[in-house]
Amino acid sequence: MSARSPSDQARLARHGWVAAFGTALAGLVAMLAVAALGLWAAGAADLPDSAFPRVVAATVVTAVGGTVELSGTAGDLAGTDAGLTVVPLSVTLAGALVTAAGFLRPLRHRAVAGARELAGWAARIGVLWLLGLLALALAARQTFAVSLGDDTLNDLGELFGVSPRVGFATDVPLTLLSGLLWLASVLLIALLVARGAPLPARLLRFQESVRPAAYAMVALLLACVVLGVVIALVVAATRGHPRETLAVVLLGLPNLVWLTFTVGLGATWNGRVEGPFGLPMPHVLDEVLRGEDTAALNLGTLAEQDGRVWWLVVVNAVLLLAAAFVMAARSPARTRAWQHAVHMAVALVLTVLMICLTGRVFAHYGLTVLGIGDVGGLSGELVLRPQVWQALGLAALWGLVTGFLGGLLARPVHRRGQARAP
């Protein structure tokens with residue numbers, strides 16, 4: 001076996017287990033910090049039985065696609081039913097950005113990297129990441145007592161043995177699988193987006209068409225988040241409730257702004273809000289969704305509550321045209337306008353599909369006594385699901401139009417080492 005050269009040893013040091021440990025740890029710490037601050041702002045620090053750290057762990061688990069199962073008991077004469085499906089995308093985004101930065105850092109200033117080298121570097125991060133996620137999944141379990149309300153109801157509950165409790169626990173195998181897929185997606189997107197990241201020689205021919213579009217979509221999503229942060233700060237400064245606003249920003253701001261982005265494209269989400277649940281959204285959205293039947297959430301129904309909603313179309317047009325221009329400006333000059341249109345359409349469809357898959361919400365809690373109905377005031381349901389195919393079709397249309405226009409606008413922009421096609 002031949003001895004490794006000094007350059008090989010330096011490369012292994014940069015990609016070694018210590019660096020992998022730092023990357024995995026930084027990603028998990030970032031998510032834990034954002035989740036803890038958001039839950040503290042939401043009032044979760046006051047949960048009984050010192051449950052706050054376990055709720056933080058559960059939040060991080062759900063942020064990477066893990067499964068947290070709810071369960072409930074209410075004594076011999078009553079029963080409970082609970083379910084929750086939601087991804088706190090602020091926590092997800094924080095972890096993705098930090099993990100991607102740590103993954104790319106040792107790869108800077110290189111044009112090409114072997115597939116085995118990249119796979120080995122990713123595998124080291126993956127092993128340590130899974131160990132950290134396993135610890136969080138095992139810690140994410142707790143049971144809470146649910147108050148029946150006033151003293152009279154509590155006394156009746158004690159008389160009839162109705163002591164509702166709801167708990168949560170993690171499905172560990174499914175969580176580890178989902179977390180591994182999440183990490184693989186983050187690392188792959190990081191390689192696609194970063195212009196300075198090396199690729200295996202066999203994949204270099206795809207970077208001219210894929211990388212500009214991937215970069216434009218990530219920039220688009222981050223621009224939506226930044227715009228949402230600015231609006232949240234203005235709302236907190238002018239209307240008060242800074243702690244509640246901070247909770248929304250740190251837990252679910254991307255859920256809100258990316259949903260709003262799809263609505264601005266013309267997409268429809270079907271939803272319903274019943275009982276004590278509330279949405280971390282502008283009041284107009286809650287008004288549309290709150291009712292007995294499933295409601296359609298789109299530009300038309302929102303405009304019935306507030307006509308200013310039509311400005312979403314203008315904002316979306318500006319953001320998409322800017323993203324298309326950035327994509328075209330980073331593409332080779334020989335790329336024609338119709339090719340920009342196709343690239344933009346494909347990228348936007350995939351982006352909207354991601355929003356549809358991660359933005360859906362389901363939450364339900366019910367308490368029944370003697371098998372008869374739900375106890376009023378203690379039951380509720382929150383449902384929010386997209387009409388996926390409609391959203392994808394609209395994304396393709398918007399992508400074709402803005403991609404073509406962006407390609408035309410970017411023609412005067414100089415691209416290094418390329419000659420413009422006749």
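These exercises, each with a worked solution, concern the predicted model shown above.

Residues are numbered from 1 along each chain as its sequence is written, and side-chain values use heavy atoms, with hydrogens and water left out. Because the model is predicted, local features need pLDDT of at least 70 and side-chain atom pairs count only at pLDDT 80 or more, while totals for chains, interfaces and linings use all residues.

**Exercise 1. Describe the chain as a whole.**

Step 1. Take the secondary structure: the chain has 14 helices and eight strands. Helices (H or I, at least four residues) and strands (E, at least two) are DSSP runs, numbered from the N terminus.

Step 2. Turn to burial. Of the 422 residues of the chain, 45% count as buried. Buried means under 20% relative accessible area, exposed over 50%, and partly exposed in between (1.4 Å probe, protein chains only).

Step 3. Look at contacts, that is, heavy atoms within 4.5 Å. Among contacts with a separation of 6 or more, 76% are between residues 24 or more positions apart.

**Exercise 2. Find the aromatic pairs and say which helices they link.**

Step 1. Apply the rule: rings of Phe, Tyr and Trp (its six-membered ring) pair if their centres lie within 6.5 Å; planes under 30 degrees apart count as stacked, over 60 as edge-to-face and the rest as tilted. The structure holds two such pairs.

Step 2. F103 and W121 are stacked, with 6.3 Å centre to centre and 10° between the planes. F103 belongs to helix α4 (residues 89-104) and W121 to helix α5 (residues 115-139), 18 residues apart. Both F103 and W121 are buried.

Step 3. W129 and W182 are also stacked, at 5.1 Å centre to centre and 20° between the planes. This pair joins helix α5, which holds W129, to helix α7 (residues 172-193), which holds W182; the two residues are 53 apart.

Step 4. W129 counts as buried because its relative accessibility is 0%, and W182 counts as buried because its value is 12%.

**Exercise 3. Is L130 buried or partly exposed, and which residues does it contact?**

Step 1. L130 lies in helix α5. Its relative accessible area is 24%, so L130 is partly exposed.

Step 2. Leaving aside neighbours within four places in sequence, L130 is in contact with L176 and L180. The C-alpha atoms of L130 and L180 are separated by 7.0 Å, although these residues are 50 apart along the chain.

**Exercise 4. Which residues have the most contacts inside the largest nonpolar core?**

Step 1. A nonpolar core is a set of buried Ala, Val, Leu, Ile, Met, Phe, Trp, Tyr and Cys residues joined through side-chain atoms within 4.5 Å.

Step 2. The largest core has 48 residues, and L297 and L348 have the most contacts inside it. Helix α9 gives the largest share of this core, eight residues.

Step 3. Leaving aside neighbours within four places in sequence, L348 is in contact with M217, L220, F261, L320, A395, W398 and G399.
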